[in-house]
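The following exercises ask the reader to work through one structure step by step.

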Amino acid sequence: MSSETENKKQQFTTWVDDFTDELMSWAYHKTSSKETAEDLVQETFLSAYHSFDNFKNESSPKTWLLSILNHKIIDFYRKKSKSLSIIDNTAEDEANNRVNDLFDENDRWKNPKEHSFDMEEHLLDNADFNSTLEKCMENLPEKWRIAIHSKYLTDVSVDEICKQLEVSTANYWQIIHRSKLHLKNCIDKNWK
Amino acid sequence: MATLFNTLFYSCKKATELIDSSEFKRLTLMQKIRLYFHKLLCPPCECYAKSSPTIDSFLKNTKPLNPKEMEEFKSRLINKLK
């Protein structure tokens with residue numbers, strides 16, 4: 001192996017170590033899916049590796065990698081077909097039904113719970129709890145997940161999110177509320 | 001009985017909605033009073049009111065990968081770059 005290739009490999013090993021966290025967070029915020037984020041970050045590093053000669057030290061490596069990642073994200077959304085939104089409509093109907101089903105015909109709790117996981121913020125340090133939370137998030141329709149992620153993990157404005165998701169502001173807050181009802185119920189059910 | 005309660009102090013469905021909506025709009029005094037009595041008389045909704053901010057903080061702090069997964073992902077990446 002030439003020393004040049006060896007250098008390049010060394011360089012990338014350092015970059016992977018230094019920047020993967022941030023690239024992953026960004027991709028995750030943008031796509032709301034762990035698997036998609038992993039794929040996009042991997043593609044980013046592979047593209048960067050193959051076009052390493054184009055990298056001039058004018059920008060920082062992080063900026064360079066982020067700009068590649070952003071292109072990957074745009075491509076990802078471009079490729080996503082319209083059919084997905086039809087599937088998501090069904091998922092949304094189902095989720096709405098599940099949330100409605102928490103209440104009886106008088107709109108009171110069907111299975112009232114008086115104690116829950118409140119005041120236990122340290123739960124996030126618990127790996128089992130995290131995987132429960134993750135599974136509960138996966139059950140949300142994609143649109144709701146995007147709404148949740150953009151609200152809590154990015155600084156995108158509500159107007160901007162609503163435009164992206166093609167919903168009214170009232171509808172958006174309804175989505176946040178329903179997602180929270182769903183999550184509480186799901187965590188109560190699956191976490192002891 | 002349930003209908004009278006609902007009329008005076010909201011249904012649970014409506015109450016949970018108001019609990020979450022207080023984040024983006026100011027409740028009127030009347031709404032606050034009715035919600036207060038609802039929670040007083042309805043432990044599950046009181047429980048929801050406590051859980052709601054906890055869920056917020058969970059959602060604010062989620063990370064795509066835990067430290068162990070992150071290490072595995074990094075070594076997978078490095079292996080691919082050959």
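**Exercise 1.** In what order do the elements of chain B run from the N terminus on?

*Solution.* The model is a predicted one, in which local features need pLDDT of at least 70 and side-chain atom pairs count only at pLDDT 80 or more, while totals for chains, interfaces and linings use all residues. Residues are numbered from 1 along each chain as its sequence is written, and chains are lettered from A and ligands numbered from 1 in the order in which they are written.

Step 1. Helices (H or I, at least four residues) and strands (E, at least two) are DSSP runs, numbered from the N terminus. On this basis chain B holds five helices and zero strands.

Step 2. The order in chain B is therefore α-α-α-α-α.

**Exercise 2.** Determine the secondary structure and the overall dimensions of each chain.

*Solution.* Step 1. Chain A has eight helices and zero strands, and its elements run α-α-α-α-α-α-α-α from the N terminus on.

Step 1. The radius of gyration (taken over C-alpha atoms; the globule rule is 2.2 Å times the number of residues to the power 0.38) is 21 Å for chain A, well over the 16 Å that the rule gives for 192 residues, so chain A is more spread out than a compact globule. Along the principal axes, the C-alpha atoms of chain A fill a box of roughly 75 × 35 × 25 Å.

Step 2. For chain B the radius of gyration is 21 Å, whereas a compact globule of 82 residues would have one near 12 Å. The C-alpha trace of chain B spans about 70 × 25 × 15 Å along its principal axes.

Step 3. A residue is buried if 20 or more other C-beta atoms, placed from the backbone, lie within 10 Å of its own, exposed if 12 or fewer, and partly exposed in between. Buried residues make up 27% of the 192 residues in chain A and 27% of the 82 residues in chain B.

**Exercise 3.** Describe the side of chain B that touches chain A.

*Solution.* Step 1. Two residues are in contact if their C-beta atoms, placed from the backbone, lie within 7 Å. The contact takes 44 residues from chain A and 37 residues from chain B.

Step 1. On the side of chain B, two or more residues each come from α1 (2–9), α2 (12–21), α4 (43–60) and α5 (67–80). The largest share, 13 residues, is given by α4(B).

Step 2. By type, this side of chain B divides into 17 nonpolar, twelve polar and eight charged residues. Here Ala, Val, Leu, Ile, Met, Phe, Trp, Tyr, Cys and Pro count as nonpolar, Asp, Glu, Lys and Arg as charged, and the others, Gly among them, as polar.

**Exercise 4.** Why do the buried residues of α2(B) lie on the same side of the helix?

*Solution.* Step 1. The buried residues of α2(B) are Cys12(B), Ala15(B), Thr16(B), Ile19(B) and Asp20(B).

Step 1. These residues cover an arc (that of the directions from the helix axis to the C-beta atoms) of only 130° around the axis, which puts them on the same side of α2(B).

Step 2. Their packing partners are α8 (169–190) of chain A together with α3 (29–41) and α4 of chain B.

**Exercise 5.** Which residues have the most contacts inside the largest nonpolar core?

*Solution.* Step 1. A nonpolar core is a set of buried Ala, Val, Leu, Ile, Met, Phe, Trp, Tyr and Cys residues joined through C-beta atoms within 7 Å.

Step 1. The largest such core has 19 residues, and those with the most contacts inside it are Leu23(A), Met24(A), Ala27(A), Ala37(A), Val41(A), Leu65(A) and Leu69(A).

Step 2. Two or more residues each are given to this core by α1 (3–31), α2 (34–50) and α3 (61–79) of chain A together with α5 of chain B. The most, eight residues, comes from α1(A).

Step 3. A second, separate core of 17 residues includes Leu140(A), Ile176(A), Leu183(A) and Phe58(B).

**Exercise 6.** Is Tyr10(B) buried or exposed?

*Solution.* Step 1. Tyr10(B) is placed in the loop between α1 and α2 of chain B, and has a positive phi of about 75° although it is not a glycine.

Step 1. Tyr10(B) is buried, because 22 other C-beta atoms lie within 10 Å.
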